[in-house]
Amino acid sequence: MDDSGRSATLGILSSLMSFATVWLLLGVLPGTVAAHGTTTGGLSHWHGIALLVLGGVITGVGILAKRYDKGTLRMILSTVFVGIVVAAIGAVLFDVHSPDPVYSASRMPFPRSFYPFIGAAVGLSAIVVSFFLGWLRWPTRPRYTFLGMLMGGWILYPYIVPGFASKNPLGYALVLGTPVAVGYVLWTDASEVLRVIMNDPLARRFGTGIGIVTGLFFLSITGYLSFFPEEGVPQQTVMTVIPAQYQLVVWPTFELLIPEVPFFLALSPGVVVIVGTLSVLVGIQASLIARKWRVDEQVGATMSTANTSAIVGTCTCGCCGPLVAKVAVLVAGPTITAPLYWVFVDTSSPLSVIFIVGSMLLFTGSILYSIGSVYHPDRSTDIASVQAD
C-alpha cells in the first residue's frame, strides 16, 4: 500500500476510533442506569447541551482560523473535525437523556386519515414539478428529472400500493435504485472534480471522517446504534435476524445486543442504503470544502461566506424530528409542542419519508451547486488547478 493509501486508512480508523472511544467512555461510567430523562453515570441532557455548544465553539474557532489565515490547513481541518465530533456526541447524548414526551392522540393537529392525502399530494407534486422543471430548466440533463421523479415516487409509493406495500418489489426497487441514481448524477456532472478530491489526501481524509461521523450520528439518533443500556432488555448476549420495516418495505434486520458493554446494533440493507447514501453525500461535500480551502491557501485567496455556510450546513444538517421535538419540549412544554410531535415523529406521518427524500436532494444539489460555483477551468483559483501535497 502506498503512502496515500495508508493515510486514507489511518484517517478512517482515527475518525471511527475517536467517535467510538468517547461513546465507550460515556457508556461505561460507574453507576450507569437506563432511562431517557434521567442521569446516566452522572450525565444528563444538560451535559449533552454543553457538549453540543462546545463542539459548535470549537468548529467556529476552526472556521475563523481559516478565515483569518491562522495556522496550517491540517490544523484547521483537525479543529473543525474535533468540533463536529464533540457536537455530534453532545446531540446524541442530549437525545438519550432528555425526557421522552408523552402525547395523547387528542392533541393531534389533524386526524391520521389526512396522512394519505398529504403524502399523495406532496408525492404527485414532486413528480410533476420535477418533470416540468427538468423540461424547462435542464432539458439536456434528463437525469435531474428522473432523480426528482424517483424521489417523488418514494413519497407517493405507500399510497399507490396499499395493503402489501411493505413487501412489493417496487418498494425495494425505489430504495435500492436511489443510491444508483444519485451516484449516476454525481458521476456524470462531477466526476472530474471528485477524482481530484480523491487524489488529495487531506481533503479525502477530512471527507471520510465527516462521513463516518455522520453515519454514526444517524444510527445513534435513530436508535440503531447505542452504547447506553435500556430497561427490560435481555441480560445475555443476543444475536438474531428479524424482519423489520424501514423506509417503505420490510428488510431482514441483523440485531446484536451485548449488555455487558453495553452495546446495541441493528442493521438492515435499507438502513445501510439510506444512512450510507446520506453519509457519503455529506462526506463528499466536506471533501469539496476542504479541497477549496487548500486551493485558497495555496493561491492566497480568502474564504468566502458561501464556503463557511456550506461547511456548517453540511455538518449540522442531521437533526431529525425526534431531536427537534425534545428541544421544543424543554423550551415550550409538551402541550404546545404536541402538533410538532404528531407531524414529524409519528411513524405513520408522511413527513418522515419527506425528510429523507428532501435530505438526499438537498445534499446532492448542494454538491452540484458547490462544484458549479468553484470549478472554473479558466481561473487560477479553480479547485482542480492546485496539486495536492
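Analyst: Start with burial: R294 has a relative accessible area of 4%, so R294 is buried (buried is under 20% relative accessible area, exposed over 50%, partly exposed in between, with a 1.4 Å probe and protein chains only). This is a predicted model, in which local features need pLDDT of at least 70 and side-chain atom pairs count only at pLDDT 80 or more, while totals for chains, interfaces and linings use all residues. Residues are numbered from 1 along each chain as its sequence is written, and side-chain values use heavy atoms, leaving out hydrogens and water.

User: How many salt bridges does the structure hold?

Analyst: A salt bridge is a side-chain nitrogen of Lys or Arg within 4 Å of a carboxyl oxygen of Asp or Glu. The structure holds three. In one of them, R294 pairs with D200, the closest N and O atoms being 2.7 Å apart. R294 lies in helix 8 and D200 in the loop between helix 6 and helix 7, so this pair ties together parts 94 residues apart in sequence. Helices here are DSSP runs of H or I with at least four residues, numbered from the N terminus.

User: What do the side chains of D189 and R143 form?

Analyst: They meet in a salt bridge, at 2.5 Å from N to O. D189 belongs to helix 6 (residues 169-198) and R143 to helix 5, so the pair ties together parts 46 residues apart in sequence. D189, at 24% relative accessibility, counts as partly exposed, whereas R143, at 16%, counts as buried.

User: At what angle do helix 4 and helix 5 pack?

Analyst: Two packed helices are described by the angle between their axes and the distance between the axes. Axes are lines fitted to C-alpha atoms over the stretch in contact, and angles run from 0 to 180 degrees between N-to-C directions. Helix 4 (residues 115-137) and helix 5 (residues 142-160) pack at about 165°, with axes 8 Å apart. The two helices are therefore roughly antiparallel (over 145 degrees; under 35 is roughly parallel, 65 to 115 roughly perpendicular, the rest oblique).
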